[in-house]
Protein chains: 2
Amino acid sequence: MGLREVKRERTRQLIADKAFELFTDRGFGRTTVEQIAAAAEVGPSTLYRYYPTKERLVLEFVEGSLFEALDWFREQPQLSLPDGLQGVVERVLDQMESNPDRVRTVYELAGQTPSVSAHLADVIWRWRDELTAELTTRLTADSSDQPLAGASVPFTAALAAGITMNVIEVTVQTWVDNPAGTDAKELAREAMCLLRGGGIPLPTADPTQL
Amino acid sequence: MGLREVKRERTRQLIADKAFELFTDRGFGRTTVEQIAAAAEVGPSTLYRYYPTKERLVLEFVEGSLFEALDWFREQPQLSLPDGLQGVVERVLDQMESNPDRVRTVYELAGQTPSVSAHLADVIWRWRDELTAELTTRLTADSSDQPLAGASVPFTAALAAGITMNVIEVTVQTWVDNPAGTDAKELAREAMCLLRGGGIPLPTADPTQL
DNA sequence: AGCGATTATGGAAGTGACTACCATATGACG
DNA sequence: CGTCATATGGTAGTCACTTCCATAATCGCT
């Protein structure tokens, strides 16, 4: 690795950090990209080479946490899918718990600014889509695992990825809302017990006469 | 209802329709709001009184379908939650199936334009949040339904809403991707069978040693 | 019908995110 | 040291979106 990439990563982090400072101080709407660029001592056009939109500056940390866990998952093909997904959930929550203030601020900014919440939702969706893709390849690979009666593999994969995403979202949301002190991974465990135990009201397959 | 509200609804629809035309013709990025306003024969400032962003013009139909079903759900407090949620799923899919081209175009535009997919994700999220709120009040009301051992009501509600949203999303996605002809409600039924039958690899509650 | 109050509309002016482009500088490599 | 690839900064421009005000359409009441 050359000196070039080191500098690149440094600049990248510097920009995101300065941006986050300004956002927490003056708020998202009252901060211009010029101000961020000036604070990071780069030109605005340089800033846009690192981050495509102002919103992505807010989401840097969350995005990183999610995709790190996904990368880990891809490198663990020997694990069973349930164990692998469990590892994904744990890794994401570990990242979040390592920096509670940042996560909290992200959610606050998302709550105040529609475009931020939109981009947050988008990042999580893209993550889920990549997880779906990975699950699809794995399910097709060892389809001996389960007969998968009738249902197509991508369909099953999408459902699994969606539920995993849900568990993470619900857990993080609850963890952020609570006055700190709660254990995120304990919450996630509860969520999964509920899922397996059937304690959740699901839509029924049989249509009722309406 | 006065003449005023009739006109308002007419203008609202007119704007969305003209916008959709232009988007399908020239694409989202190559259409300016001025062009849309001109096509609908209103001033740009009027357009912004009806739609807060250009992206929401794309999502008008999807948004309407989702929230109509939610309104219906709110008006059916006598139904059990599973039946009610089933009704929600059915109603959303009915709406989508009533206008396949429009849904397909929305997904195409979302696939091409990041900001559209971001707003699409956001709309669906807001919908899920409102569904969560409704489920929370209902679960607290008749908590005699189930003991809900230990788990908090909003937690359970959020999971239920999330899964319902997942079923809809996965179903619509699969239905849109397929070369037409597939029955969306049949797909949804499969999804729910998979969910109930445990045919989906979920993260395990017990952490494995990593 | 007529009249005051309320609300919808159109236009003008401005802010700021984002893009395209080019000249320059800086690290990579023989 | 020379060259080459890449990173940077600045400029100019487009366009989404906001704010504000003057005007016009509708409503409610008598």
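**Salt bridges and the A–B interface in a predicted model**

The side chains of A:Lys185 and A:Asp94 form a salt bridge with an N to O distance of 2.9 Å; a salt bridge here is a side-chain nitrogen of Lys or Arg within 4 Å of a carboxyl oxygen of Asp or Glu. A:Lys185 lies in helix H9 (residues 184–197) of chain A and A:Asp94 in helix H5 (residues 81–97) of chain A, so the pair ties together parts that are 91 residues apart in sequence. Helices are DSSP runs of H or I, at least four residues, numbered from the N terminus.

This is a predicted model, in which local features need pLDDT of at least 70 and side-chain atom pairs count only at pLDDT 80 or more, while totals for chains, interfaces and linings use all residues. Residues are numbered from 1 along each chain as its sequence is written, chains are lettered from A in the order in which they are written, and side-chain values use heavy atoms, with hydrogens and water left out.

**Salt bridges within chain A**

- Over all chains, the whole structure holds 22 salt bridges.
- A:Lys185 is partly exposed at 25% relative accessible area, and A:Asp94 is also partly exposed, at 35%; buried means under 20% relative accessible area, exposed over 50%, and partly exposed in between (1.4 Å probe, protein chains only).
- A:Glu60 and A:Arg12 meet through their side chains in a salt bridge, 3.6 Å from N to O.
- That pair links distant parts of the chain, with A:Glu60 in helix H4 (residues 54–74) of chain A and A:Arg12 in helix H1 (residues 3–26) of chain A, 48 residues apart.
- A:Glu60 is buried, at 13% relative accessibility, whereas A:Arg12 is partly exposed at 24%.
- A network of salt bridges links A:Asp71, A:Arg74 and A:Glu130.

**Salt bridges between the chains**

- Two salt bridges are counted between chain B and chain A.
- One of them joins B:Glu169 to A:Arg128, whose closest N and O atoms are 2.7 Å apart.
- A:Arg128 lies in helix H7 (residues 114–141) of chain A and B:Glu169 in helix H8 of chain B, so the pair joins two chains.
- A:Arg128 is buried at 9% relative accessibility, and B:Glu169 is buried at 9% as well.

**The interface**

- Chain B puts 58 residues in contact with 58 residues of chain A, contact meaning heavy atoms within 4.5 Å.
- About 5200 Å² is buried between chain B and chain A, 70% of it from carbon and sulfur atoms; buried area is the accessible area (1.4 Å probe) that two parts lose on being put together, summed over both.
- On the chain B side, B:Trp125, B:Phe155 and B:Pro203 lose the most area to chain A, together 14% of what that side buries.
- Eleven residue pairs, both at pLDDT 80 or more, are in polar contact between chain B and chain A; a polar contact is a pair of N or O atoms within 3.5 Å, where within protein one must be able to donate a hydrogen and the other to accept it, and residues adjacent in sequence count only if both atoms are side-chain atoms.
- Helices H5 (81–97), H7 (114–141), H8 (153–177) and H9 (184–197) of chain B each supply at least two residues of the side that touches chain A.
- Among these, H8(B) gives the most, with 14 residues.
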